[in-house]
Amino acid sequence: MHPAAHGRLTAALENLSVTFHGMTAHPDEHNCECHWGGPEELSLLKTPDVELKPDLLRRTWQAIDWTDHAAVLRRILPQFATSLVTGRTDHTYGLEEAGDSFARARWPQWPAEQADAVRESLHAWWVQSLTDPEAAVPAHQVFVLCAEASGTLGPWLADWEEQTGHLSDRRLAEAAEKWEYELLGDSLPWRVGWHEHDEEELRADLVAWLLGHAATRLRASGAPVDLQHRIRLLGLTDEDRWTDPHWPGHRY
């Protein structure tokens with residue numbers, strides 16, 4: 001276990017509990033009983049600091065039709081964050097779905113103390129996923145959540161550049177393997193929900209980073225040569241790409 005990363009994450013989760021202690025959904029909040037849940041469950045969201053059953057927690061963060069989504073997310077955030085980092089969060093698609101929930105709450109616009117607590121918890125989790133061999137959630141999934149939660153790649157890529165150890169290099173190769181198929185098909189390699197962010201801008205930023213910093217790092221760390229070629233192909237377009245002798249034969 002990486003002690004520094006583990007300690008930072010533990011502190012960040014504790015700070016979330018302190019910062020969002022006593023939070024509740026808006027007193028007038030409501031939702032459809034047939035799609036979300038009944039009045040007894042709704043009353044729990046209006047009661048502070050009561051732990052929710054896992055199924056209720058999932059239905060709450062996944063719901064897209066809250067009147068005040070930000071207040072609902074603040075109510076469940078300490079428990080939700082712990083569920084995320086321990087790998088216990090059920091999701092229909094991928095962790096980008098949880099990132100969507102953060103994005104819909106517009107958390108960077110919250111009071112500074114609250115926004116800072118969320119930001120630090122995301123950074124602490126992301127760094128832990130890169131440096132802790134016992135991390136519960138694969139780094140590429142954490143990255144996607146952070147990207148969708150914030151609508152930007154820059155801060156998370158900067159963290160990755162700072163973490164230069166063997167494990168972080170391996171996480172980079174694993175992510176590149178996961179992403180190259182969709183990227184070579186000119187698509188973002190994760191589902192973008194509800195059009196919260198500019199899909200093409202995110203894809204362009206990721207490709208530029210892979211062609212620059214990541215390509216150099218993959219080469220230096222001894223990543224498989226065929227993977228290095230597939231990343232190189234991202235810099236080519238149209239016929240130059242699929243007629244290259246190292247084109248992997250992907251069909252779209």
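D226 is partly exposed, with a relative accessible area of 44%; here buried means under 20% relative accessible area, exposed over 50%, and partly exposed in between, using a 1.4 Å probe and protein chains only. The model is a predicted one, in which local features need pLDDT of at least 70 and side-chain atom pairs count only at pLDDT 80 or more, while totals for chains, interfaces and linings use all residues. Residues are numbered from 1 along each chain as its sequence is written, and side-chain values use heavy atoms, with hydrogens and water left out.

The side chain of D226 meets that of R230 in a salt bridge of 3.2 Å, N to O, a salt bridge being a side-chain nitrogen of Lys or Arg within 4 Å of a carboxyl oxygen of Asp or Glu. Both residues lie in helix α11, 4 residues apart, or about one turn of the helix. Helices (H or I, at least four residues) and strands (E, at least two) are DSSP runs, numbered from the N terminus. R230 counts as buried, at 9% relative accessibility. The side chain of R230 also forms a salt bridge with E177, at 2.7 Å from N to O. E177 belongs to helix α9 (residues 166-184) and R230 to helix α11 (residues 225-232), so this pair ties together parts that are 53 residues apart in sequence. E177 itself is partly exposed, with a relative accessible area of 38%.

The structure holds 16 salt bridges. One of them joins the side chains of R8 and E120 at 2.8 Å, N to O. Because R8 sits in helix α1 (residues 3-19) and E120 in helix α6 (residues 112-131), the pair ties together parts that are 112 residues apart in sequence. R8 is partly exposed at 33% relative accessible area, and E120 is partly exposed at 30%.

Another group of charged side chains comes next. E41, D55, R58 and R59 are linked in a network of salt bridges. Apart from neighbours within four places in sequence, R59 is in contact (heavy atoms within 4.5 Å) with W36, G37 and E41.

What does the secondary structure of the protein come to? The count is 12 helices and 0 strands. The radius of gyration is 20 Å, close to the 18 Å that the globule rule gives for 252 residues, so the protein is as compact as a globular protein of that length. This radius is taken over C-alpha atoms, and the globule rule is 2.2 Å times the number of residues to the power 0.38. Of the 252 residues, 50% count as buried. Among contacts between residues at least 6 apart in sequence, 67% join residues at least 24 apart.
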